[in-house]
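I opened a new notebook for this structure.

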Amino acid sequence: MSNLFKEIEFQLNSNEKYVFKKKSNSFIPTGTTNLLLNAILDYNPKPGNVLDLGAGIGIIGILLNYKNIALSPVCLSDVNENSLECINKNAEIYNSNVIAKEGSLFEPWTGFKFDIIVNDVSGIASKIANLSSWFKNVPCDSGEDGTKLTVKIIRESKNYLNNRGLLFLPIISLSNKDKIIGELEANYTNVKLLKSQEWPLPKEISNNEQLLNELEGENKIYTKSKFGMKIFETSIYMAHN
């Protein structure tokens with residue numbers, strides 16, 4: 001049964017719903033995926049060659065192609081080998097021409113250049129990831145402060161972008177967000193906050209008050225209290241030279 005495709009509904013906005021196929025060991029899209037995609041669509045970049053990095057089941061890359069921002073073929077990759085079958089299945093549904101590859105970060109894309117790179121690779125502190133249901137059955141090797149993969153992507157992305165190419169990425173406050181923003185500003189001359197949204201911490205995380213206090217004291221995560229709840233934030237950034 002675990003190898004069968006199941007349908008999930010992706011609510012892009014109040015007017016648009018899309019159906020995608022996933023498997024039991026696929027990453028389930030979160031609010032971050034929605035916020036990231038909407039930020040890109042609102043920014044409305046010039047259509048170009050797109051890389052969807054950490055693509056999961058392919059929602060961002062495929063919908064950017066469907067919306068005529070990602071030119072064909074759109075490139076997508078994920079470290080989880082099970083994602084490729086989902087990406088190709090979903091590409092058929094939306095009549096998207098894709099190149100889907102398995103591999104870590106930019107490893108599959110030697111020799112490629114892109115106009116737009118979208119990074120949706122995991123970026124939260126590893127101890128928080130281990131508590132959450134977000135990464136059930138999928139890997140999350142983002143490091144103690146959640147910056148390991150994101151910093152590597154920022155530093156290497158310039159080698160894979162065309163002139164004036166754009167990098168889009170989420171920065172989640174369940175990581176050392178200041179460190180990530182510092183890396184962006186060190187590597188790119190233009191860094192812009194596009195959108196941000198606050199979310200209540202899931203109970204499986206908020207119930208671990210001692211761990212949260214420890215990680216916050218070490219500046220590995222940032223949360224705040226609001227309406228009697230622990231709150232974290234996702235911010236979507238765009239960077240280019």
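This is a predicted model: local features need pLDDT of at least 70, side-chain atom pairs count only at pLDDT 80 or more; totals for chains, interfaces and linings use all residues.

Residues are numbered from 1 along each chain as its sequence is written, and side-chain values use heavy atoms, with hydrogens and water left out.

**Entry: a pocket**

I noted my terms. On a 1 Å grid over the protein atoms alone, a pocket is an open set of points with protein on both sides within 12 Å along at least five of seven lines, while a cavity is a set where a 1.4 Å probe fits but cannot get out. Lining residues have an atom within 4 Å of a point. Points are joined across faces, edges and corners, and a volume is the space filled by probe spheres set on them.

I looked up the second largest pocket, and its volume is about 220 Å³. Its lining includes Tyr43, Pro45, Asp115, Arg164 and His240. Strand E6 (114–119) and strand E7 (161–172) are the elements that give two or more residues to this lining. Helices (H or I, at least four residues) and strands (E, at least two) are DSSP runs, numbered from the N terminus. E7 gives the largest share, four residues. I sorted the lining into five nonpolar, four polar and three charged residues.

**Entry: a cavity**

How many cavities of 30 Å³ or more does the structure hold? I found one. The largest cavity has a volume of about 30 Å³. Ser126, Lys127, Glu144, Glu214, Leu215 and Lys220 line it. Helix H4 (126–131) and helix H8 (209–217) each give two or more of these residues.

**Entry: helix pairs**

Axes here are lines fitted to C-alpha atoms, for helices over the stretch in contact, and angles run from 0 to 180 degrees between N-to-C directions. I looked up H1 (residues 31–43) and H2 (residues 59–66): they pack at about 30°, with axes 10 Å apart. H1 and H2 are therefore roughly parallel (angles under 35 degrees; over 145 is roughly antiparallel, 65 to 115 roughly perpendicular, the rest oblique). From H1, Thr33, Leu36, Leu37, Ile40 and Leu41 make the contact, with Ile59, Ile60, Leu63 and Leu64 from H2. Contact means heavy atoms within 4.5 Å. I counted eight nonpolar residues in this contact, one polar and no charged.

Next came H5 (residues 148–157) and H6 (residues 177–187), at about 5° with axes 9 Å apart. H5 and H6 are therefore roughly parallel too. Thr150, Val151, Ile154 and Arg155 of H5 meet Ile180, Glu183, Leu184 and Asn187 of H6. This contact has four nonpolar, two polar and two charged residues.

**Entry: backbone**

Most residues other than glycine have a negative phi, and most peptide bonds are trans. Asn68 has a positive phi, near 65°. Ser72 and Pro73 are joined by a cis peptide bond, with omega about -5°. I placed Asn68 in the loop between H2 and E4. Pro73 lies in the loop between H2 and strand E4 (74–78).

Key. Ala, Val, Leu, Ile, Met, Phe, Trp, Tyr, Cys and Pro count as nonpolar, Asp, Glu, Lys and Arg as charged, and the others, Gly among them, as polar.
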